[in-house]
Amino acid sequence: MTAALDAAQAALAAEHAAVYGYGVVGGRIGAARRGEATAAHTAHRSRRDALVRTVRDLGGEPAASAAGYALPYAVPDAAAAVRLAAELEDRVAGVYSDLVRAADGPLRREAASALREAAVRAVRWRGSGVTFPGLAERA
């Protein structure tokens with residue numbers, strides 16, 4: 001596999017996990033932020049579907065979604081749901097950062113756009129940002 005295909009597969013796997021994670025967030029989030037969670041869930045589903053096509057275009061077989069995903073911690077209430085949403089966005093930003101590094105042309109621009117969107121959503125959930133979203137080594 002090429003570096004771009006490997007990175008696209010990793011981004012697809014992260015989007016599968018984010019879609020699952022937002023299902024948990026949506027079940028625990030308060031009414032005031034439910035619309036935000038729904039919009040994020042929809043955005044991740046759209047990115048996931050686009051990545052399926054991208055992986056195929058790069059000559060790969062898209063990774064399937066797992067039946068379930070381990071959460072980093074219990075999500076018993078709305079506060080934990082907000083923390084989980086921010087963490088999901090941080091994780092997605094990280095894999096898109098890798099895709100930006102591995103790709104070029106339109107795929108690189110699309111990955112950069114996805115990275116920016118995830119970073120903005122993370123800030124909205126967390127209430128603060130990080131200096132270099134998606135770059136754990138620079139955070």
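This is a predicted model: local features need pLDDT of at least 70, side-chain atom pairs count only at pLDDT 80 or more; totals for chains, interfaces and linings use all residues.

**Helices and their contacts**

Leu51 sits in helix α2. Setting aside residues up to four places away in sequence, Leu51 touches Ala8, Ala11, Leu12, Glu15, Tyr96 and Leu99. From Leu51 to Glu61 is 10 residues in sequence, and the two C-alpha atoms are 11 Å apart in space.

Now the helix around it. How far apart are the end C-alpha atoms of α2? They are 35 Å apart, and since 24 residues at 1.5 Å a residue should span 34 Å, the two values agree. Leu51 is one of the buried residues of α2, and the others are Ala37, Ala40, His44, Arg47, Val52, Thr54 and Val55. What do these buried residues pack against? Their partners are α1, which is residues 3-28, α3, which is residues 78-102, and α4. Just after α2 comes Gly59, with a positive phi of about 95°.

Next, pairs of helices. Two packed helices are described by the angle between their axes and by the distance between those axes. I'll give both for each pair.

Take α2 with α4 first. Helix α2 covers residues 34-57 and helix α4 covers residues 105-126; they pack at an angle of about 160°, and their axes are 12 Å apart. That angle is over 145 degrees, and α2 and α4 are therefore roughly antiparallel to each other. The crossing of α2 past α4 is left-handed. On the α2 side the contact is made by Glu36, Ala37, Ala40, Ala43, His44, Arg47 and Thr54. On the α4 side it is made by Leu107, Glu110, Ser113, Ala114, Glu117, Arg121, Arg124 and Trp125. By class, the contact of α2 with α4 has 6 nonpolar, 3 polar and 6 charged residues.

The second pair is α3 with α4. Here the axes come within 8 Å and cross at roughly 160°. Are α3 and α4 roughly parallel or roughly antiparallel? The angle puts them down as roughly antiparallel. The crossing of α3 and α4 is left-handed. From α3, the residues in this contact include Val82, Ala85, Ala86, Val92, Tyr96 and Leu99. From α4, they include Leu107, Ala111, Leu115, Ala118, Ala122 and Trp125. Sorted by class, the contact of α3 with α4 has 16 nonpolar, 1 polar and 5 charged residues.

The contact of α1 with α3 has 22 nonpolar, 1 polar and 4 charged residues.

Back to α4 on its own for a moment. Helix α4 has 22 residues and reaches 32 Å from its first C-alpha to its last, close to the 32 Å expected at 1.5 Å a residue. Its buried residues are Leu107, Ala111, Ser113, Ala114, Leu115, Ala118, Ala119, Arg121, Ala122 and Trp125. If you wonder about the spacing in that list, an α-helix has 3.6 residues a turn, so residues three or four places apart point the same way. Which helices do the buried residues of α4 pack against? They pack against α1, α2 and α3. Just after α4, Gly127 takes a positive phi of about 90°.

Glu15 lies in helix α1. Is Glu15 buried or exposed? With a relative accessibility of 1%, Glu15 counts as buried, because the cut-off is under 20%. Leaving aside neighbours within four places in sequence, Glu15 is in contact with His44, Arg47, Arg48, Leu51, Val92 and Tyr96. Glu15 and Arg91 are 76 residues apart in sequence, yet their C-alpha atoms are 9.4 Å apart in space.

Gln9 also lies in helix α1. Its relative accessible area is 14%, so Gln9 is buried too. Not counting residues up to four places away in sequence, Gln9 touches Val55, Glu61, Pro62 and Ala63.

That is what I have.

Note on methods. Residues are numbered from 1 along each chain as its sequence is written. Side-chain values use heavy atoms; hydrogens and water are left out. Axes are lines fitted to C-alpha atoms, for helices over the stretch in contact, and angles run from 0 to 180 degrees between N-to-C directions. Helices (H or I, at least four residues) and strands (E, at least two) are DSSP runs, numbered from the N terminus. Angles under 35 degrees count as roughly parallel, over 145 as roughly antiparallel, 65 to 115 as roughly perpendicular and the rest as oblique. A crossing is left-handed if the near helix is turned anticlockwise from the far one by less than a right angle, and right-handed if clockwise. Contact means heavy atoms within 4.5 Å. Ala, Val, Leu, Ile, Met, Phe, Trp, Tyr, Cys and Pro count as nonpolar, Asp, Glu, Lys and Arg as charged, and the others, Gly among them, as polar. The expected span of a helix is 1.5 Å times one less than its number of residues. Buried means under 20% relative accessible area, exposed over 50%, partly exposed in between (1.4 Å probe, protein chains only).
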